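Work through these exercises with the structure open. Try each task before you read its solution.

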Amino acid sequence: MENYNRWHCRQKHQAPQFTLKTATIFEDSPISLDKWLTAMWQVVNCKNGVSSYEVHRAIGVTQKTAWFMDHRIRLALGMDTPEKMSGTVEADETFVGGKVKNMHFDKQTRMRMGKKRTGGFEGKAVVMGLLERNTRKARVKVLPNTRQFHIRTNIIGNVEKGSMIYSDALKSYENVEVDGFAHEFIDHTEAYVRGAVHTNGLENFWSLLKRAIKGTYVSVEPFHLQRYCDEQAWRYNNRKMTDGERFSLAVSGILGKRITFDELTGKTAGSPPTIN
């Protein structure tokens, strides 16, 4: 069906008609592929990220549409991988979000049952990072909190046993030896480096992540934060590629992934959970 850019499979099955967008992140989108690919080029090659307002101005769609497109592109950059890190791995955590004292009182009320608090970490999302020293590649995960269960579970799920873990002095790392890892830590109240023991690689990554969130995206809801983190980690891990190589790699990840606007905004089952 050439007039509609749609083809018909001659085999009998439930969905015989298909387009170039079928079974990709572009499926059922009325936006033309030239605009989709332009938006994808911007997302994967802008070092500090690209906001939906910039995309909307560049390709001539509404800001709401550009926001939805950005999230579908981030889905294609997902960091799921069965391979575990090994060797020497840095582990660290950071806090993302505005200060409670700077929030509107109605939001403070919802968060703290009417009690106004101004603690440095109150109301912020916890993001844990792992960086493999050998490959200089990072993985990040949004956690509910910094308790030992979540920290150790994330390390076990992403790092091979027997690897060396370098961390800060957070008590949640104290028992990673029990899980089969070697472990050394640096107390940042005393020093930031002790020979090879430091988390400076992740500190560099955190500065890039926060520059993108604060400078480009400005405000990110906790239940969308994982995709923004994955986007920045993907760019960081592929930073030595050319723009064209990064774009080709991103396009190779569009198949078999899809999210609807209702799922993205929490209106249907399968919606991203809120981080408590």
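**Exercise 1. Work out the strand order of the open sheet.**

Solution. The open sheet has 5 strands in the order β5-β4-β3-β6-β7, with mixed pairing. Two strands pair if DSSP finds at least two bridges between them. The edge strands, β5 (137–143) and β7 (182–186), each pair on one side only. From one strand to the next, the twist averages 25 degrees.

This is a predicted model: local features need pLDDT of at least 70, side-chain atom pairs count only at pLDDT 80 or more, and totals for chains, interfaces and linings use all residues. Residues are numbered from 1 along each chain as its sequence is written, and side-chain values use heavy atoms, with hydrogens and water left out.

**Exercise 2. Find how strands β3 and β4 run and how many bridges join them.**

Solution. Take β3 (residues 88–96) and β4 (residues 125–132). They run antiparallel, joined by 8 bridges. F95 stands opposite V126 in β4.

**Exercise 3. Describe how α3 and α7 cross.**

Solution. Start with the axes, which are lines fitted to C-alpha atoms, for helices over the stretch in contact; angles run from 0 to 180 degrees between N-to-C directions. Those of α3 (residues 63–76) and α7 (residues 225–237) come within 9 Å and cross at roughly 60 degrees. Therefore α3 is oblique to α7 (under 35 degrees is roughly parallel, over 145 roughly antiparallel, 65 to 115 roughly perpendicular, the rest oblique). Next, list the contacts (heavy atoms within 4.5 Å). W67, H71 and R74 in α3 meet R227, Y228 and E231 in α7.

Notes:
Helix = DSSP H or I, 4+ residues; strand = E, 2+ residues; numbered from the N terminus.
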